[in-house]
Amino acid sequence: MFKNRNRKLSRMGKTVMTTGGRDWTQIYTIYGMDQWQTLLFLLFHAILFAVLSILFLVYFDLVCAFFESFFLFTTDGAARFAAGFTGCVTALSAVCLFFAAGNFFYSALPLHHDMAQRIVNSVGDWSTVKLALDIGCGRGILLNTVATQLKKTGSSGRVVGLDRSKGTTLSTLRTANMEGVGEYVTCREGDVRSLPFGDNYFDVVVSAVFVHTVGKEYGHRTVEAAAERMRVLGEMVRVLKPGGVGVVWDLLHVPEYVRRLEELKMEDIRVSERVTAFMVSSHIVSFRKPSQHIVGPCEVRLDWIF
Ligand SMILES: C[S@@+](CC[C@H](N)C(=O)[O-])C[C@H]1O[C@@H](n2cnc3c(N)ncnc32)[C@H](O)[C@@H]1O
């Protein structure tokens, strides 16, 4: 879909297993893991299916006999085929579930950290950045990567993390201190659909695996959820200074974001190559707000409608 459109496909560096020289255990120690219940769920079922397929293999004759009597198979061959087929499906399910658990874990920690670094790298010059914003900052993997970049460039800039949960903002400040970037980070509680900041406020606005979660109470594929996501992009654009840069890493809905950014007359829209995260495709989208951009009420503040 992207290929057919006249826009740049940027290669924002390759995804590698290393996490910017950091061990995943370090990242885990600081940030823990969001949605660890999902990982446990996947692992539990993977182990269950693996055990079942081993039992199928070890007690194959018994299973065949069971199939023969229970499903009233008339021939031994049919019962063996049915038992073998069921065993294969069970083993395949175990493999898929192990893969899903591995991908979930990889996406939540090492990949998340790598992508945060790539988001930071896609902003050209950090030395001129005075204020950056991370929307839906969660525990702050991206937020702290931005703060580390500001620290590295010797900038006097600051980054604000916005999250709707007070508990999260408090733990984000803790992670910033653990990363040694506490003085570069401020956290603010608020709803991203109506950002508590004035127009043209930030030099950079970033977001990681967040926008797709907005409006999910309506169901991912509903018009209402899409409208909520578009509203978030509108808010991002509103608070960006003219000439400011926005970078969004997200799952599933990236083509929709690109269309919205085009409608909002953003410049230099770039889409990264596909990266599989949380078992679906993800992309980084970056854009620049034009220097002459006029943030008018009709253009940005209007709720997005299909
Ligand atoms: C998946 S986490 C984001 C992870 C984070 N971006 C990172 O890089 O580590 C999603 C976060 O968004 C927050 N959130 C969800 N809906 C929100 C909203 N409407 N406004 C602000 N924050 C929201 C949640 O509280 C949660 O902490």
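Biologist: Where is the place of F278?
Modeller: F278 is in the loop between strand 8 and strand 9. Keep in mind that this is a predicted model.

Biologist: What is the phi of F278?
Modeller: Phi of F278 is near 50 degrees, which is a positive value in a residue other than glycine. Most residues other than glycine have a negative phi.

Biologist: And is F278 buried or exposed?
Modeller: F278 counts as buried, because it has 20 C-beta neighbours inside 10 Å.

Biologist: What about M279, where is that one?
Modeller: M279 also sits in the loop between strand 8 and strand 9. Phi of M279 is near 70 degrees, again positive in a residue that is not glycine.

Biologist: Is M279 buried, exposed or partly exposed?
Modeller: M279 is partly exposed, because 14 other C-beta atoms lie within 10 Å of its own.

Biologist: How many residues lie between strand 8 and strand 9 in the hairpin?
Modeller: There are 2 residues between strand 8 and strand 9, and F278 is in the turn.

Biologist: How many bridges pair strand 8 with strand 9?
Modeller: Strand 8, residues 275-277, pairs with strand 9 over 3 bridges, in the antiparallel sense. Within that pairing, V275 stands opposite S282 of strand 9.

Biologist: Which way do strand 7 and strand 9 pair, parallel or antiparallel?
Modeller: Antiparallel, over 3 bridges, with strand 7 covering residues 267-272. V271 stands opposite V285 in strand 9.

Biologist: And how many bridges join strand 6 to strand 9?
Modeller: Strand 6, residues 240-251, is joined to strand 9, residues 280-288, by 7 bridges, and the two run antiparallel. D250 has H283 in strand 9 as its bridge partner.

Biologist: New topic. Where does N200 lie?
Modeller: N200 is in the loop between strand 4 (185-189) and strand 5 (202-208). N200 is partly exposed, because 15 other C-beta atoms are within 10 Å.

Biologist: How far apart are N200 and G244?
Modeller: In sequence they are 44 residues apart, and in space they are 8.6 Å apart, C-alpha to C-alpha.

Biologist: On to the ligand. Which residues come nearest?
Modeller: The nearest are G136, G138, L142, R164 and A208, out of 21 residues around the ligand. Helix 5 (141-152) and strand 3 (158-163) are the elements that give two or more residues to that shell.

Biologist: How do the residues of the shell divide into nonpolar, polar and charged?
Modeller: The shell around the ligand has 9 nonpolar, 6 polar and 6 charged residues.

Biologist: What is the sense of its pairing with strand 2, parallel or antiparallel?
Modeller: Strand 2 and strand 3 pair in the parallel sense, over 5 bridges. D134 has G161 in strand 3 as its bridge partner.

Biologist: Where does UniProt place the transmembrane region feature?
Modeller: The unreviewed UniProt entry places that feature at residues 39-60 and 80-106.

Biologist: What is the chain like over residues 39-60, in helix and strand?
Modeller: Over residues 39-60 the chain is 95% helix and 0% strand, and the end C-alpha atoms are 31 Å apart. Residues 80-106 come to 100% helix and 0% strand, with the end C-alpha atoms 39 Å apart.

Biologist: Now the confidence. What is the mean pLDDT of the chain?
Modeller: The mean is 87, and 88% of the residues reach 70 or more.

Biologist: Where is confidence lowest, and where highest?
Modeller: Among the elements, strand 1 (residues 8-10) is lowest, at a mean of 42, and strand 2 (residues 131-135) is highest, at 98. Over residues 1-18 the pLDDT stays under 50. Over residues 297-306 the pLDDT is below 50 as well.

Biologist: Last one, the whole chain. How many helices and strands?
Modeller: The secondary structure comes to 9 helices and 9 strands. Of the 306 residues in the chain, 39% are buried.

Technical notes
Residues numbered from 1 in each chain as written. Predicted model: local features only at pLDDT ≥ 70, side-chain atom pairs only at ≥ 80, totals over all residues. Near = placed C-beta within 6 Å. Helix = DSSP H or I, 4+ residues; strand = E, 2+ residues; numbered from the N terminus. Nonpolar A, V, L, I, M, F, W, Y, C, P; charged D, E, K, R; others polar. UniProt positions renumbered as here; feature names shortened; annotations may be inferred. pLDDT = per-residue confidence, 0-100. Contact = placed C-beta atoms within 7 Å. Buried ≥ 20, exposed ≤ 12 C-beta atoms within 10 Å, placed from the backbone. Pairing = 2+ DSSP bridges.
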